[in-house]
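The structure is shown first, and the account follows it.

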Amino acid sequence: MDLGFDEVQMLLKNSAREVLEQECPITLVRAMEEDERGFTSELWQNMAELGWLGLSIPEQYGGQGMSFFDLAILLEETGRFLVPGPFFSTVVLSSSILTEYGTESQKSEILPKIANGDLIATVAITEPSATYESNGIQLTATKDGSNYVLNGTKLFVNDAQIADIILVVAKTDDKGDESNGFTVFIVDKNTSGMTITPLDTIASDKQAEIVFESVSISEENVLGEVGKGWDIAKRVIDLGSSAKCIEMLGGADRVLEMTVEYVKDRTQFGRPIGSFQAIQHHCANMATDVEGCRYVAYHAVWRISEGLEAQKEISIAKAWVSDAYRRVCAIGHQSHGAIGFTKEYDLQLYTRRAKAQELAFGDSSYHREIVAQQLGI
Amino acid sequence: MDFKFSTEEETFQNDVNGFLKKELPSDWTGETAYASSDDGWNFNLKMKKKLAEKGWLTLGWPKEYGGMEASIMSQVLFNEQMAYNRAPGIDIWGIKMLAPTLMVHGTEEQKQRFLPPVANGEVQWCQGYSEPGSGSDLASLQTRAEVDGDEYVVNGTKIWTSNGHRADWIILLARTDTDAPKHRGITMLLVDMKTPGISVNPIVNMAGMHEFNQVFFDNVRVPKRNLVGEENRGWYVGATLLDFERSGVQYSAEARRTIDDLVGFIKDNPSSNFDLSGREHLRNRLADMAIETEVSRMISYNIGFMQSQGFVPNKEASICKSFSTEMEQRVAETGMHILGLYGQLTSDSKWAPLRVRIERTFLRHHSATLASGTSEIQRNIIATRGLGLPRA
Ligand SMILES: Cc1cc2nc3c(=O)[nH]c(=O)nc-3n(C[C@H](O)[C@H](O)[C@H](O)COP(=O)(O)OP(=O)(O)OC[C@H]3O[C@@H](n4cnc5c(N)ncnc54)[C@H](O)[C@@H]3O)c2cc1C
């Protein structure tokens, strides 16, 4: 067993931190909360040049050909620095499943553009049913000649406003089930019949509602096989939930660090508040939570990366990390006193995102249920 | 033991309820932060006048000050109903801090001057205690008040001043003796917020609301007749134990309301994704919250009972504050959990359940365990004053 990073991975981690310290100051994070697009082309291009956007895309499509695990190392840093923009949607989700399920022509058309920063992509699974389970999907795609016609509503779609392509999970067989009833479509943003309405959310991230009214998509734009779309959706959820855990770990680690710095510095009753046992116990509990997050999260990602069965590990990680990160933020606030309750202080940027991250790809209840099923109870 | 309320108490409770039903808009979900919007504030002022007409602002005041001298339990019930209905109109600083302090320590002139406007709902007070360097360790405060003729000249800054931007007057603690031990050099002054030299800077909280402020004092001149009690005795004046209701019943009432809202919402949306049947963990969690809320309510009733028997609640109040505010956070969190992805929506829209109340409550309640004595300080009090453990 070796729970460390190898040399290349360390290099990736350290350079990511150095770059983001320079390129992603908290002022940018705040500005992007207010920004309609939520990211800057400068930072996006920069990330392309560093090879991050193509990190796990095979070399023949202009990527770095690194693993999902390597991508996770980067995500710990983007989580720590609250990097704004569609990195998760485009790189972690879209490029991964396009690589896995795309046809040769889809891959050679799309992946190089993702890698060089020219194309933003996202995945649309959830609907007003607000669940990641297949029975929540009501959006239909009906065959019409060599086209499919999409009707329905997607909700809570990240980065839909800025995406060039949206990978839409639709129901293609009314009577079908997870094994044959769903299909994923690659939908260009300019296709007529789509209405995208931004949502205001707790994390000020860029989520949207997309209404599809007779949106006609050529069968060439089916991703994977017709009827086999739920496998892809499930893959998105697995990759998404495990990768979110790493992103959250990065954030939680920073919250711990901020809090420890603060309690060493803040003086009340003539001594640093960090010298009070109550606060020491708070910090100790936070450290315990963060440590717990680290290895369950990386374990899940590692199993995926190695191609091993990972359902149980993913759900254990997402259930634990979702709750732990929330606790870490809550104790962080408590230890900061009133200053941490202000908008001006950076802590709230983490707390609000922790909530959104907890909800994404299934919250702790959803994943706890899966763990229970995995246990056979 | 007898857990029943008296007939008068029950009648009174019904009166309050009837009044609130009549006065609050039928779709009233409760302004989350009155001070944050002009509309919210104006409604608060309107309600204040109506409560004053009823005599309910001064429910617990002695008759000689125009109060109703209502029993402690009636006050508990009143506060419980107000909190459950999320009704605005109560200036807690004027009614619950200033008034009792003046009744004990104020001069006749001060009582004449300051009490009637509070009773009539014509004035808003705020509390100028905390400073950037003095939070839990309040007695270390640095704002200076120096005598100059028959005035004090105040310099310094106060922070986290709730409603500072709405208030007419501020209850100020300032240092008048820099050589004395820290608790013995503090003086309480009443300061008109319109006095030249005062400026109020907004501080926006993490829920994006403007409720508290930083207040700056630059050579602010305060007449000596606005000194409360003796000079340098302000710490003790400020700590005057009030014979008003201190049950903390509002915490459980607020939480109960949130739970009732959630339950109503779940029932109104059968076989939706808010349906909890078959989701045992969430049902259990919500049930746990209902249980905790009842525990908190009983702790509060007991505090009310103790007070009505002439005892001064001490560790009980700290137990109530820490348990109940932490519970309120758990309730909000449970609500967020039940709402799932919908819980993250922040503006009222066709998609937003319960008009984003749960999300607002979730963010705002981060401060519940900080304001008016943090959970850690409450536990210190429970351990030392309550259980007799040695101080750190
Ligand atoms: C929403 C809100 C409204 C407020 N309104 C007002 C107002 O109107 N007027 C006013 O004057 N003030 C107001 N306050 C200020 C409030 O009284 C202080 O926030 C509170 O006293 C804590 O002080 P602090 O924020 O400086 O935290 P600190 O005192 O710096 O505490 C930071 C952390 O250290 C812990 N700590 C400190 N001392 C000890 C100890 N001895 N043992 C163990 N742990 C310790 C605390 O519990 C906390 O976890 C408000 C605060 C909030 C959040």
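Which residues are linked in a network of salt bridges? Lys13(A), Arg17(A), Glu76(A), Glu77(A), Arg80(A), Asp253(A), Arg254(A), Glu257(A), Glu261(A) and Arg294(A) make up such a network. A salt bridge is here a side-chain nitrogen of Lys or Arg within 4 Å of a carboxyl oxygen of Asp or Glu.

## Basis of the model

The model is predicted: local features need pLDDT of at least 70, side-chain atom pairs count only at pLDDT 80 or more, and totals for chains, interfaces and linings use all residues. Residues are numbered from 1 along each chain as its sequence is written, chains are lettered from A and ligands numbered from 1 in the order in which they are written, and side-chain values use heavy atoms, with hydrogens and water left out.

## Salt bridges within the chains

Glu127(A) belongs to the loop between β1 (121–124) and β2 (140–144) of chain A, and Lys154(A) to strand β3 (residues 147–158) of chain A, so that the pair links distant parts of the chain, 27 residues apart. Helices (H or I, at least four residues) and strands (E, at least two) are DSSP runs, numbered from the N terminus. Glu127(A) and Lys154(A) are buried, a class defined as under 20% relative accessible area, with exposed over 50% and partly exposed in between (1.4 Å probe, protein chains only).

In chain B, Glu80(B) and Arg297(B) form a salt bridge whose closest N and O atoms are 2.8 Å apart. Because Glu80(B) lies in helix α3 (residues 72–84) and Arg297(B) in helix α8 of chain B, the pair ties together parts that are 217 residues apart in sequence. Both Glu80(B) and Arg297(B) are buried. Glu109(B) and Arg225(B) also meet in a salt bridge (2.7 Å, N to O). Here helix α5 (residues 108–119) of chain B holds Glu109(B), while Arg225(B) is in the loop between β7 (210–223) and β8 (227–228) of chain B, 116 residues apart. Glu109(B) is partly exposed at 33% relative accessibility, and Arg225(B) is partly exposed at 48%.

Cys24(A) is in no disulfide, and the nearest cysteine sulfur, that of Cys329(A), is 17 Å away. Cys24(A) is buried, with a relative accessible area of 2%; Cys126(B) is also buried, at 0%.

## The interface of chains A and B

Contact, meaning heavy atoms within 4.5 Å, involves 41 residues of chain B and 45 residues of chain A. The buried area is about 3,600 Å², of which carbon and sulfur atoms give 63%; buried area is the accessible area (1.4 Å probe) that two parts lose on being put together, summed over both. On the side of chain B, Met206(B), Leu341(B) and Gln344(B) lose the most area to chain A, together 21% of what that side buries.

Three salt bridges cross the interface. Glu333(B) forms a salt bridge with Lys355(A), with 3.0 Å between the closest N and O atoms. Among the elements that give two or more residues to the side of chain B touching chain A are β6 (198–204), α9 (315–339) and α10 (357–364) of chain B. The most, four residues, comes from α10(B).

Notes: A disulfide is a pair of cysteine sulfur atoms within 2.5 Å.
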